[in-house]
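Visitor: Could you take me on a close look at one part of this structure? I am new to this, so please go step by step.

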Amino acid sequence: MKAKILRATVISAITLTLSASVLAHTGATGIIKERMDFFARSKDNLKAIKSHLGANDLKSVVPLAKEIKDWAIKMPEYFPKGSDGKPSEASPEIWLNFEAFKKSAIANRDAASKLMSAAAEGDKGETIKAFKATASTCKSCHKSFRLD
Ligand code: HEC
């Protein structure tokens, strides 16, 4: 009986320690953490796409570009009013001009969509062009809507 209680206490102590360290990683929780994870994934996808292009592997670009596109479509839903402030780097400008923010997400979606189709068609020149265009839609949104 006592051993059982002790074991339960130890287990919950471990669980607490684990979740505390996950939180300490960025300090972000809830929807802010979720969107940060999606953005980090987009960044990884761009990097991976670049190396696939270097290796002339256009086929592998397609699912990664699709992931970027799918996130761009959902992106505005992950920015409910009032979800700025530390540790988020979301600029209050987002909610002052939410239509422009949505347009910026649409530009990202459209660029990623072109990237997907150019890669699927096996057109290297167009794929490289679309890759650059996609990266520039990331940057332009950050310039207007992300604090640095
Ligand atoms: C429509 C606007 C918009 C677009 C498009 C956009 N971002 Fe962001 N991005 C943001 C905002 C706003 C944040 C800050 C989010 C926060 O901290 O709450 C952010 C944060 C990030 C972060 C930091 C995540 C973290 O862990 O703190 C990375 C990395 C990132 N974006 C990469 C990208 C890449 C790569 C693309 C393009 C494929 C992209 N973003 C497209 C607005 C955008």
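Guide: Happy to! A helix here is a DSSP run of H or I with at least four residues, and helices are numbered from the N terminus. With that in hand, let us look at the part around the iron. Keep in mind that this is a predicted model. Helix α6 covers residues 124-145, and H142 lies in it. The NE2 atom of H142 sits 2.0 Å from the iron atom of the ligand, and H142 is the single donor that the protein gives to this iron.

The protein has 6 helices and 0 strands, so its pattern along the sequence reads α-α-α-α-α-α by the DSSP runs. Among contacts between residues at least 6 apart in sequence, 69% join residues at least 24 apart. Of the 148 residues, 30% count as buried. The accessible surface comes to about 9600 Å², and carbon and sulfur atoms hold 61% of that.

The loops have details to look at too. Between α2 (30-54) and α3 lies a loop that holds N56. Phi of N56 is near 60°, which is a positive value in a residue other than glycine. N56 is exposed because its relative accessible area is 52%, and exposed means over 50%. Further along, the loop between α3 (61-74) and α4 (93-96) contains P87. The peptide bond leading from K86 to P87 is cis, with omega near 0°.

To return to where we began, find H142 in helix α6 and follow its NE2 atom to the iron of the ligand.

Notes:
Residues are numbered from 1 along each chain as its sequence is written. This is a predicted model: local features need pLDDT of at least 70, side-chain atom pairs count only at pLDDT 80 or more; totals for chains, interfaces and linings use all residues. Side-chain values use heavy atoms; hydrogens and water are left out. Donors are N, O and S atoms within 2.8 Å of the metal (3.2 Å for Na, K and Ca); water is not among the atoms, so sites may look incomplete. Helices (H or I, at least four residues) and strands (E, at least two) are DSSP runs, numbered from the N terminus. Buried means under 20% relative accessible area, exposed over 50%, partly exposed in between (1.4 Å probe, protein chains only). Contact means heavy atoms within 4.5 Å. Accessible areas come from the Shrake-Rupley method with a 1.4 Å probe; for residues, only the protein chains shown count as cover.
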